[in-house]
Each structure stands twice: as C-alpha cells, then as structure tokens.
Amino acid sequence: GVLPRVRGAALELLKGLRTGAAVEAPAVRALLRDVVRMAADLELYESHVLSHVLASSGEFFAEEGRRLAAGLDGDAVPFLGHVQRRIDECAGASAPGGERGVP
C-alpha cells in the first residue's frame, strides 16, 4: 500500500539527515515535518509511523554509539561532544502534539 512506501521513504530521508547524506537538509526537514503532520492529521502517526521511527532510531543510534566508542582511543571528549550535538538536535525536533521527537 501507499502508507508503507511513504513511511519507508520518510525513514530513508531521516537516515540521510542523520548521516549527513541529505544535500538539501532544510527541504528534507520540511518534507519530513509535512509527512509527520499529515500522518498525525489522519490519526495514523501513533499507530503506523511512531513505532517504526523509534525502532529505526534505536538501531541507528546504537550502531553509531558502537562505532564511536570503538574509536575512543582513551579520549572520551570527542564522543561526549558528539552526544551533546545529538541531544541538541533532538531538542530542536518536535513530534506531533509538541512532544520532543527525533531529528
């Protein structure tokens, strides 16, 4: 159906933003915001989108954390700086209803 394709495309766009692969980041963020808003308006966000975003986010950030931790070489400062940037990104993202979301 259409919903799985839209959801899959949105998850790929989200991954592109997180990895820096999205060339037009502001346009991609706006598109993702519109998709989330549409899903919320249709009352599909919580039942058909949110769990997929959370699962994808968990997988992405777990892998990122493993990769960064493996390269620490005894210096945690760069890792902690990266963690702070991710926290700041999440604080700037908003899910439907004003809840904090995932960038």
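The model is predicted, so local features need pLDDT of at least 70 and side-chain atom pairs count only at pLDDT 80 or more, while totals for chains, interfaces and linings use all residues. Residues are numbered from 1 along each chain as its sequence is written, and side-chain values use heavy atoms, with hydrogens and water left out. Helices are DSSP runs (H or I, at least four residues), numbered from the N terminus.

**Helix 1 against helix 3**

- Helix 1 (residues 2-19) packs with helix 3 (residues 45-70) at an angle of about 30°, and their axes are 11 Å apart. Axes are lines fitted to C-alpha atoms over the stretch in contact, and angles run from 0 to 180 degrees between N-to-C directions.

**His 52**

- His 52 lies in helix 3 and is partly exposed, with a relative accessible area of 33%. Buried means under 20% relative accessible area, exposed over 50%, and partly exposed in between (1.4 Å probe, protein chains only).
- Neighbours within four places in sequence aside, His 52 is in contact (heavy atoms within 4.5 Å) with Arg 7 and Leu 11.
- Arg 7 and His 52 are 45 residues apart in sequence, and 8.2 Å separates them in space, C-alpha to C-alpha.

**Salt bridges**

- The count comes to 4 salt bridges, each a side-chain nitrogen of Lys or Arg within 4 Å of a carboxyl oxygen of Asp or Glu.
- Asp 34 pairs with Arg 37, with the closest N and O atoms 3.3 Å apart. Both residues lie in helix 2 (residues 25-41), 3 residues apart, about one turn of the helix.
- Asp 34 is partly exposed at 44% relative accessibility, and Arg 37 is partly exposed at 45%.
- Arg 66 and Glu 63 form a salt bridge at 3.3 Å, N to O. Arg 66 is exposed at 52% relative accessibility, whereas Glu 63 is partly exposed at 43%.
- Glu 64 forms a salt bridge with Arg 86, and their closest N and O atoms are 2.6 Å apart. Glu 64 is in helix 3 and Arg 86 in helix 4 (residues 77-92), so the pair ties together parts 22 residues apart in sequence.
- Glu 64 and Arg 86 are both buried. Salt bridges with shared partners join Glu 64, Arg 86 and Glu 89 into one network.

Technical notes. Helices (H or I, at least four residues) and strands (E, at least two) are DSSP runs, numbered from the N terminus.
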